[in-house]
Each structure stands twice: as C-alpha cells, then as structure tokens.
Amino acid sequence: MGTSVQVTPLSGAHSEAPLCYLLQVDGFRFLLDCGWTDSFDLSLLEPLKSVAPTIDAVLLSYPDTIHLGAFTYAFAKLGLQATMYCTLPVHHMGQMYMYDHVLSRKAVSNFDLFTLDDVDTSFANSVQLKYQQHYQLQGKGEGMTITPYAAGHLLGGTIWKITKDTEEIIYAVDFNHRKERHLNKTVLENFVRPAVLITDAYNALNNQPPRKQRDQEFIDMILKVLRAEGNVLLPVETAGRVLELILHLESNWAHQRLSYPVALLTNVSYSTVEFAKSLLEWMSDSIARSFGSSRENSFLLKYLKLCHDRKEFDELPSGPKVVFASMASLEGGFARDLFVEWATDSRNLVLFTERGQMGTLAKKLQAEPPPKIVKVTMSQKIPLTGEELQAYELEQRLKMATETEVDLVEEVGPNSPEAKAVTGPLPLTVAEPGGGVPLGVEGSLATNEIPSQRQILIDGFTASDKTAGPMFPLYENPSDWDEYGEVINPEDYRVEDTEMMDYQSSQQVYVKCALYYMDFEGRSDGRSIKNILAHVAPIKLVLVHGSAEATEHLRQHCVKNVCRDVYAPRIGETQDVTSDLCAYKVRLTERLMSSVLFRKLGDYEVAWIDGEIGSQESEGMLPLLPSETPPPHKSVFVGDLRLADFKQLLATKGIQAEFAGGVLRCGDAFAVRRSGGSQQLVIEGPLSEEYYKLRDLLYSQFYML
C-alpha cells in the first residue's frame, strides 16, 4: 500500500490570508507554517485551535509574520507542544519579528496575547537545520526524513522535502527564481517528478519588470523627493526584505556620494543587523566570496543609522531623510506614527515595497485611486490617577487575595482549619484618600494593631540587678551564597511599573503626501512560476495561498500543461493526495546475493538483479528470490558525464572538439548533445570508423549492466 497523504488548509486558501496547513503522512501530522496578520485577529485561528494539540511537528519556511506569526500564541495558549523545525536564520529573525510586535504594542497598550517570555519559550522548543541536511524523525515519525532547501525570498527561506519510503512531498511557497544582492535563487527547479508538490498561487497573475529598470526607478524616485526637501518613509517588515533594500541604498549612496540620512527605525534594529552580519554563509555567493577573499562584511553599514526608539530617531540631523520603519502593514510600530506625522505634507513620499495585508491601513492606501482622507486610530498608555488608580489597586488586591485563598485550599484541603481560617471576609485594608485609619473590605475598623517599640523590648523580659539595662536582641540573618556570590531576591530590586490604562483616539488624516507601490517582494512572477512547475512536473499538485482568481487561473493552466491531478482545497477541506503506486519492502536473500556481480561506481557498488518475490512475509518484508529463468534485458548505462569533461577526454585522444550553442562539435561531421528531457548523451553523424571511436570513448565513461 502507498504512503497515505492528506492536506488540509487551516488558513490561506483561495485568499491572501496567512499561511497554515495541516499535512498528514501515514498519520503523522505536520503543521506547514503557522502564520498570522499584524492585526492579530483571533478569528483567523479558529481552524488551528482544534488541531494544535494533535500536531507532531511544525515546519516553518520563512521568518515573517504571515508564515510564523501565530506560532508563539499557539504554543502559549492553544496547546501546541510539537517541536518546530527551521533554519538558523528563520529562528533568529523570526524572534526579531515577534519581539518587535510585542515591544511595539506594549509601548502603546496593555498587550496581553503573548509576552517576550512566551516568544523565548516557544522558540526554544526548536531544531535548527542546515540546507540539504537530512533529518530523520524519531518515534511516531520513524521512517520519515525532512530536508530543507534554499527558497530565496527571505534570509533562511526554506523549501521542505518530506520523504517516506519512495514518496517525496515538496512544500514550496513564496520562492524566488531570481538571484538577488543578499540571497541566491531557489533550488526548486532541481526537483523532478515528486509525488506531491504543495505550492502557492499568490503571484500567478503578476508579471515583474526587469530588475535593472525597477532598481533605477526606485533610486530616482527617492532622490527626487529628497532634493525637493521631502522625507521618504518605507514601511518594512522587521527583519525580512529590508535587508535587500538596505544593501541597495548603501550601494547607491556610496556610488553617488550622497549625504542624506538613512535610518532603520525598529525596536530591534541593532539585533537585526548584528544577526545579518553573522549569517553570511546563508546569503548569496557574491557576499560569501567577498567575505572569503577580503574579509569584507556587506552588513558593516556606512550610511544606515540604527534607531530603536523615537528619542534616537529625533536626534538625527534635521532635513530630508529616508526612513525604513516597521510595520509594513502600518497596523502598529513606528511606521504608523510617522505616516500620521508626514502624510499631511505634499513634499513627502510613502513608498511601499510589498503588498499590504488584507484589512490593514497599508492595503487601503495602496488602493486605486488612493484615498484622500483615512481614519486612523492611535493608541497610547496614560498613567492611572485618583479614583481610577484606587479602584485598580483594590481590584488587584482582591484578585491576589482570592488567588492566595484558592492556592491554600488546594494545598491543605477545604475542610482543614487553615482553609477555614481564610474563608469569609478578606482582611484587606485600603487607605482612605485623606489618610486616617485603614478600613477593611467590609468597611469595619482594622483590628490588627502594630505593637509599640516598648512592648517589643520589655514584654516578657526581666532585667537582672547586675545588668546595666535591657539590650536590643540580636537576630542572625544568614545569607545563601553560590558560585556567583550572595543569592538575592530579584523582587526586592524590581522597580514597580506605573499603572497605565489604554487610551485610543480616532483622527482623520488628510493624505497629501505621495503614495507609491514598487514590487520588491522577492517572489517569482506568474510566468516564472508556470515554467518552474512545468519543469518539476509533479505527479500531484496542491495549490494554496492566493486570491480565488489567481488560484483558479493557475489551476486551469496546470491541468493543461503540468499534470492531470491538480487540487485547490478550501479552508477545512481535507484533500487526499495519496499516491496511486504501492510500495513494498523486500529482503534480499542469501541465495540471491550469492549470484550477484557488483561493479565499482565511485564510492558505490552497483549490480543488476533478476528475482522473484516470495509469498511468505517475514518481519514486514517479502523475500526476493533468484529468478529461475531471468529474462534478457537491454544494456543499462550507469553514471553521468559532463560535456566539458568529455571534451577534455577527446583532447587527450587527439580529437579536436569545440562548443557551439550547447553542442559539442567533434571535427566536421559529428556532434555530441544531450537528448531532450532524458539528459542522455547522443552522438550525431554518419556511421564510420570515427563514429565508432567516439562511441567507444563515450561508453568507456559509463558502466554497463
């Protein structure tokens, strides 16, 4: 029986919502990405809520919010306990994304969906893998191997290959076939005929201009605004495509010797760039070569100013400037604040480099035609004072006392004397605003009086006639020590936070600044996606993440040009993509192996086997027995030969050969080329002594079975 494979979209199907998919392989449950939006809409996680506790492994492909934004919340609140697998850059940069989210929202509200500690705890439960590292799962997943491959798009971006027996399942979304300044292109084209390919239709309807043209327009637009005394705001993701944009501006600022300030304004700007400096081996070949030859680190930035708060940003020189600020959606962070401040000045420019998430302020501003007025809700925290502060403190005291009572009852039992002693009215005291005697919760006078100093010194103490007088008692206060010194209680040194309340105000923003979108997303466009899918030629294809129109367009194209079985399941719909082939395990018997002739091929030995499958199963395997009458078979050539290597071989034999249009021409009458999709080498030319000489030389480089 073949490997059982089912795919269920939990988010991001027939829409541009965040990516999250359930993949079941022989009962083992993978969660492919775990995305969320910058608005943290809890309704989007309803499909995930029911399956989170049952997940066995999480595979993350990119570090941005739409691919991993819900992972921390699911781990902290939804019962997700599975190990997360990702590359090292996805792990580090993913943490930067989540830190920035928490810090941005904590600065203006009492954000409580998850904390910085939740981020650390969830990411600690992870395994970081290198590209092309084969990782064998254990336990329930025994027999399965997961392997990450380069996807492009974002630093550490991953195409996942899941292998079980003879089945290969490829999960490849948001890949980029173009080589960029800081990233190599995807390796998806290296895969051929996987059993299942899961990919997206996000860019199926989009075509991109030439990169050189786009890059020049980008710089020209920015300089035009700066020279007109305007500011340029680029809303960006925390640690994603901003790395490509930074290198682009650094190069042009150096080439043109520009002095306009360029700033990166996020809560984690320092850490983001430091991680980039240490992850050069994950970047493009050109960056790696530069560092290897001259020890030059491309992210030792000369023109970019790193700012992690508004105070540092406000200290920049006045005048026109370029600012990269998070978040790209304008749903929070410094980018939202700067937009409100700069939108009313017609000299300024807000330059979007990626499409806005659905329902966000960035999406509204990218509409055609752009709006002239937008309603923006600004949040801030203000200190509690007066009656509001007293009410909050009373609420917290009641809550603390209730929790203490519940803990005691659970510890000693509800019928114990200790538990009965704490039941009834709570002995809390709250000082009246005007001072005076503390009142209990029920309004009665407090009865617990503090004894005076004289009572403490004299009560129960009888002085001897020979003593000069009573002395203060001496109490030893021994301290605990460890290898670092005296053990302290951190709570003794904690500075109490001023109690704050959320305050929101809505305001109409008149959009007088210029708004422009330029595609720097780093994804393959529609034409490239279709060419790549035709080359990979999967047996079964599953389409996810893309508008309904884009998904249907790509589905129809693939049915005609890629493969027959193309599926586009909807949210909550389970699509069975089990292979039609059956795989069995066989055991090579001693009788069979004694008659096999092996031949050396590099580090391996190969042989041709003719056998018959026995009927008696042993340990889950069928025996493979020698065939009584083995049928004749055509010769099989094992090995691979590059045309360049064959050219060198011909030169040693005195045969002149030159390349012309991808074909190796030998003399005037013969040509050696690869034959179509089979990639076999064939010789073209008249039958003659020279032909057979070429053929023998070619065959000598292979092993015939």
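User: Where is Met327 found?
Analyst: In this predicted model, Met327 sits in the loop between strand 15 and helix 11. The peptide bond that joins Ser326 and Met327 is cis, with omega at about 15 degrees.

User: Which other peptide bond is cis, going by Pro369?
Analyst: The one from Glu368 to Pro369, where omega is near -5 degrees. Pro369 belongs to the loop between helix 12 and strand 17.

User: What makes strand 2 and strand 3 a pair?
Analyst: Pairing asks for at least two bridges. Strand 2 (residues 20–25) and strand 3 have 5 bridges between them, so they qualify, and they run antiparallel. As one example of facing residues, Gln24 stands opposite Arg29. The two strands form a hairpin with 2 residues between them, and Asp26 in that turn has a positive phi of about 50 degrees.

User: In which sense do strand 3 and strand 4 pair?
Analyst: In the parallel sense, over 3 bridges to strand 4 (residues 57–59). With at least two needed, 3 bridges are enough, so this is a pair as well. Leu32 stands opposite Leu59 here. From strand 3 the chain crosses through helix 1 (residues 46–51) to strand 4, a right-handed β-α-β crossover.

User: Why do strand 14 and strand 23 get called edge strands?
Analyst: First, the sheet: an open one of 6 strands, in the order 14-13-15-12-16-23, with parallel pairing. Strand 14 (304–307) and strand 23 (514–517) each pair on one side only, and that makes them the edges. From one strand to the next, the twist averages 20 degrees. Inside that order, strand 12 (residues 232–235) and strand 15 (residues 322–325) share 4 bridges, and Pro235 stands opposite Ala325.

User: Which strands does helix 7 lie across?
Analyst: Helix 7 (residues 242–256) lies across strand 13 (262–265), strand 14 and strand 15, and runs at about 165 degrees to strand 15. Helix 8 (residues 269–278) lies across strand 13 and strand 14, at about 130 degrees to strand 14.

User: Why is one side of strand 27 and of strand 30 left without a neighbour in the sheet?
Analyst: These belong to an open sheet of 3 strands with the order 27-31-30 and mixed pairing. Strand 27 (586–588) and strand 30 (611–613) stand at its edges with a single partner strand each, so one side of each has no neighbour in the sheet. Strand 27 runs parallel to strand 31 (residues 622–626), and 3 bridges join them. Arg587 stands opposite Pro623 in that pairing.

User: What volume does the largest cavity have, and what makes a space a cavity?
Analyst: The test is whether a 1.4 Å probe fits but cannot get out. The largest cavity has a volume of about 100 Å³, and the structure holds 4 cavities of 30 Å³ or more. Residues lining the largest one include Asn176, Arg178, Glu180 and Asp519.

User: Which residues are the closest to the centre of the largest pocket?
Analyst: A pocket is an open set of points, unlike a cavity. The largest pocket has a volume of about 810 Å³. Of its 33 lining residues, Val108, Glu331, Gly332, Arg336 and Ser379 are the closest to the centre. Strand 17 gives the largest share of the lining, 7 residues.

Key. Residues are numbered from 1 along each chain as its sequence is written. This is a predicted model: local features need pLDDT of at least 70, side-chain atom pairs count only at pLDDT 80 or more; totals for chains, interfaces and linings use all residues. Side-chain values use heavy atoms; hydrogens and water are left out. A crossover is right-handed if, with the strands pointing away from the viewer, the path from the first strand over the helix to the second runs clockwise. Axes are lines fitted to C-alpha atoms, for helices over the stretch in contact, and angles run from 0 to 180 degrees between N-to-C directions. Contact means heavy atoms within 4.5 Å. On a 1 Å grid over the protein atoms alone, a cavity is a set of points where a 1.4 Å probe fits but cannot get out, and a pocket is an open set with protein on both sides within 12 Å along at least five of seven lines; lining residues have an atom within 4 Å of a point. Grid points are joined across faces, edges and corners, and a volume is the space filled by probe spheres set on the points.
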